[in-house]
Structure formats: C-alpha cells, structure tokens
Amino acid sequence: MAFVFDYEANAQKLEEFEEYIDSKGKSRGALMSVLHRGQSLFGYLPIEVQQLVSNKMNIPLSDIYGVVTFYSQFSTVPKGKYEIGVCMGTACYVRGAKKILDEVEQQLDVGVGQTTPDMLFSIQATRCVGACGLAPVMMISGDVYAKLKANEVKNILESYRERGENNES
C-alpha cells in the first residue's frame, strides 16, 4: 500500500522542519541531525520530506535516500500504532521464529517493513533482543511474547486489534 503525504495536514510541521534545516546550514555533516528531526516530526521520512531536505541542503536526493534506507532507525513508511518485532537472532530462528514471522505477515497481509492500511500494525524482523532463553520471541510495542508458537499469533494480534478499535493504548 502506498501512503500519500498530506502537505496540508503537515503544514505546521513542514514550516518547523524548514526552520530547523535552515538553522543547520548546508553542511553535509548536519544531514543525520536533520533526518533525525524529520523522523521525529513526521514519524517517517517519505520521499516528499527527503526532497525538501535535498533542495534545502543542496544534497542529491539519491544520497539522502541512500542514508535513509541504510540506517534502520529511519523509515520511509509511517509506523502503525503497534510496532511488531519478531526476533530473528540465531536462538529464535532455530526455535521457529521464521514460522512466527510468516504467520504475522499472513494474519496482517503485509510484509516486513510495512504498515497495515488501518495504521494499527507495523512489522519488523529484528536482530537478537537478548532473550535467547525465551526463544522464539515477538515484541509488540514493548510487550514481550516468549516461547511463542505460530498458532498463538492470531489471538495475540486480535487482542491488539480490539484495543486499537476501542482506542485504548
């Protein structure tokens, strides 16, 4: 699914962001700081925001896109209300994390690095989360699900879906 950046809804954020970029100047050394600020303001770095950075800092868009897609802290799509991370570290992987991840993707009908159209869920395949004795592990917005089995995923996701529909945190 393609997300459309809404210039009108983001007008105030765009103004604040442009002021921030101007305060940093056109130094390439300020690029990471500028991108972090954009990620913080918008929740992600769509191509429209990257283009703004390119124009204001006189840096080729391809260079900015390369930085945004290289570093995992940046996202080119908005994040869902609930961020799902399935640990794919060695212990989790050998204990069935791939089956867990496949089930999450099937249940939500989106892949790793994507967000559901209802903006409730985002999926990430993460590296070791340091809970190897609890493998396989899935985290949803800070909640840890340990020694997980693929057949448990549907009920877990449904509980978050119900919370989201009821506007609970």
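Visitor: In which sense does H6 pass H7, left-handed or right-handed?

Guide: The model is predicted: local features need pLDDT of at least 70, side-chain atom pairs count only at pLDDT 80 or more, and totals for chains, interfaces and linings use all residues. A crossing is left-handed if the near helix is turned anticlockwise from the far one by less than a right angle, and right-handed if clockwise. By that criterion, the crossing in which H6 passes H7 is right-handed.

Visitor: Which residues of H7 make the contact with H6?

Guide: Contact means heavy atoms within 4.5 Å. H6 contributes Ile100, Glu103, Val104, Gln107 and Leu108. Its partners in H7 are Val153, Lys154, Leu157 and Arg161.

Visitor: How many charged residues does this contact of H6 with H7 have?

Guide: Ala, Val, Leu, Ile, Met, Phe, Trp, Tyr, Cys and Pro count as nonpolar, Asp, Glu, Lys and Arg as charged, and the others, Gly among them, as polar. Besides 5 nonpolar residues and 1 polar residue, the contact has charged residues numbering 3.

Visitor: Why are H6 and H7 described as oblique to each other?

Guide: Axes are lines fitted to C-alpha atoms, for helices over the stretch in contact, and angles run from 0 to 180 degrees between N-to-C directions. Angles under 35 degrees count as roughly parallel, over 145 as roughly antiparallel, 65 to 115 as roughly perpendicular and the rest as oblique. H6 (residues 97–108) and H7 (residues 153–165) have axes 10 Å apart and pack at an angle of about 45°. The two helices are therefore oblique.

Visitor: In what order do the elements of the protein chain run from the N terminus?

Guide: Residues are numbered from 1 along each chain as its sequence is written, and side-chain values use heavy atoms, with hydrogens and water left out. Helices (H or I, at least four residues) and strands (E, at least two) are DSSP runs, numbered from the N terminus. The chain has 7 helices and 4 strands, in the order α-α-α-α-β-α-α-β-β-β-α.

Visitor: What relative accessible area does Gln50 have?

Guide: Gln50 lies in helix H3 (residues 47–57). Apart from neighbours within four places in sequence, Gln50 touches Leu45, Leu61, Ile64, Tyr65, Val68 and Thr76. Buried means under 20% relative accessible area, exposed over 50%, partly exposed in between (1.4 Å probe, protein chains only). Gln50 is buried, with a value of 1%.
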